[in-house]
Amino acid sequence: MIRLVVTAGNQRGKVFDLIDGKTYVLGRGHGVDIEILDIMVSRKHAEVYVRGEEAATLVSLRNTNGTLLNGNETGRHELADGDHIIIGETEIRVSFAPMVSAGPGESTAFMGNTTDMTEFMGALRFCEKCNESIPLSEIERGRAGEIDGKFYCSNCLEEMSNASEG
């Protein structure tokens, strides 16, 4: 089963399980398959077409802010386990982790190991000063950054800069 795990943004921690043979529209508009609560995301921002337990294609639709896959602008690309999608300020990790039933009448469970989940969460950075999550897109665009091995969000970097000037 293919899963999309939101690692940064308003829906951090949300998981979307994708079913074989279905096309999912991602966006902030009503009627999309996967609603992304992010004002930087277009109403219909991207599609993911699933063709098996480990085969899916990401297609960027006509959108204003683009779609990044592993830090690069993309139009259409085959997804791989561990790929990192950024739309707007929302970051999504792709997982091909198998799902199994825990038993009769019980819910399914993530069949990855702790290392897999650590890898998902390792993409997250938190501000040393305010402890807010920092989207990788902010770091890539130079809005947030690292000082002496510690990460700071754009707001805290600005406050620190102003404090050092005054």
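# Reading a fold, feature by feature

User: Let's start with one residue. How does Glu159 count by its relative accessibility?

Analyst: Glu159 counts as partly exposed, because its relative accessibility is 44%. The cut-offs for that label run from 20% to 50%: under 20% is buried and over 50% is exposed. Please keep in mind that this is a predicted model.

User: Thanks! With which residue does Glu159 form a salt bridge?

Analyst: Its partner is Lys129, and the closest N and O atoms of the two are 3.1 Å apart. This pair links distant parts of the chain: Glu159 belongs to helix 3, while Lys129 sits in the loop between strand 14 (125-126) and strand 15, 30 residues apart. Lys129 counts as partly exposed too, at 49% relative accessibility.

User: How many salt bridges does the count come to?

Analyst: The count comes to 4 salt bridges. One of them joins Asp33 to Lys22, with 3.3 Å between the closest N and O atoms. Here too the pair links distant parts of the chain: Asp33 lies in the loop between strand 3 and strand 4, and Lys22 in the loop between strand 2 (15-18) and strand 3, 11 residues apart. Asp33 is partly exposed at 37% relative accessibility, and Lys22 is partly exposed at 34%.

User: How far apart are the closest N and O atoms of Arg51 and Glu78?

Analyst: In that salt bridge they are 2.7 Å apart. Arg51 is in the loop between strand 5 (46-50) and strand 6 (56-60) and Glu78 is in strand 9, so the pair ties together parts that are 27 residues apart in sequence. Both ends are partly exposed: Arg51 has 35% relative accessibility and Glu78 has 43%.

User: Now the sheets, please. In what order do the strands of the 5-strand open sheet stand?

Analyst: First the general idea: strands of a sheet pair through backbone hydrogen bonds, either parallel or antiparallel. In this open sheet of 5 strands the order is 4-3-5-6-9, and the pairing is mixed. Strand 4 (34-35) and strand 9 (76-78) are the edge strands, as each pairs on one side only. For a parallel example, look at strand 3 (residues 23-27) and strand 4, which pair over 2 bridges. There, Gly27 has Glu35 of strand 4 as its bridge partner.

User: And what is the order in the open sheet of 6 strands?

Analyst: That one reads 2-1-11-10-7-8, with antiparallel pairing. Strand 2 and strand 8 (72-73) stand at its edges with a single partner strand each, so one side of each has no neighbour in the sheet.

User: Which residues are partners where strand 11 meets strands beside it? I'd like to start with Leu4.

Analyst: Leu4 has Val94 of strand 11 as its bridge partner. Strand 1 (residues 2-8) and strand 11 pair in the antiparallel sense over 5 bridges. Strand 10 (residues 84-87) also runs antiparallel to strand 11 (residues 90-95), joined by 4 bridges. In that pairing, His84 stands opposite Arg93, and Ile85 has Ile92 as its bridge partner.

User: How many residues lie between strand 10 and strand 11 in their hairpin?

Analyst: There are 2 residues between them, and Gly88 in the turn has a positive phi of about 60°.

User: Which way do the side chains of strand 11 point?

Analyst: In a regular strand the side chains alternate between the two faces of the sheet. Here Thr90, Ile92 and Val94 point one way, while Glu91, Arg93 and Ser95 point the other way. Since 6 of the 6 residues of strand 11 are buried, this strand is largely enclosed by the rest of the structure.

User: Could we look at Gly145 as well? Is Gly145 buried or exposed?

Analyst: Gly145 is buried because its relative accessible area is 15%, below the 20% cut-off. You will find Gly145 in strand 16 (residues 145-147). Beyond residues up to four places away in sequence, Gly145 touches Lys150, Phe151, Tyr152 and Leu157. The C-alpha atoms of Gly145 and Cys127 are separated by 9.2 Å, with the two residues 18 apart along the chain.

User: Last one: how many residues line the largest pocket?

Analyst: The lining has 15 residues, and Asn10, Glu89, Ser133, Pro135 and Glu138 lie nearest the centre. The volume of this pocket is about 330 Å³. Strand 15 (133-134) and helix 3 (154-165) each supply at least two residues of the lining. Sorted by class, the lining has 6 nonpolar, 5 polar and 4 charged residues.

Methods
Residues are numbered from 1 along each chain as its sequence is written. This is a predicted model: local features need pLDDT of at least 70, side-chain atom pairs count only at pLDDT 80 or more; totals for chains, interfaces and linings use all residues. Side-chain values use heavy atoms; hydrogens and water are left out. On a 1 Å grid over the protein atoms alone, a cavity is a set of points where a 1.4 Å probe fits but cannot get out, and a pocket is an open set with protein on both sides within 12 Å along at least five of seven lines; lining residues have an atom within 4 Å of a point. Grid points are joined across faces, edges and corners, and a volume is the space filled by probe spheres set on the points. Ala, Val, Leu, Ile, Met, Phe, Trp, Tyr, Cys and Pro count as nonpolar, Asp, Glu, Lys and Arg as charged, and the others, Gly among them, as polar. Buried means under 20% relative accessible area, exposed over 50%, partly exposed in between (1.4 Å probe, protein chains only). Contact means heavy atoms within 4.5 Å. Two strands pair if DSSP finds at least two bridges between them. A salt bridge is a side-chain nitrogen of Lys or Arg within 4 Å of a carboxyl oxygen of Asp or Glu.
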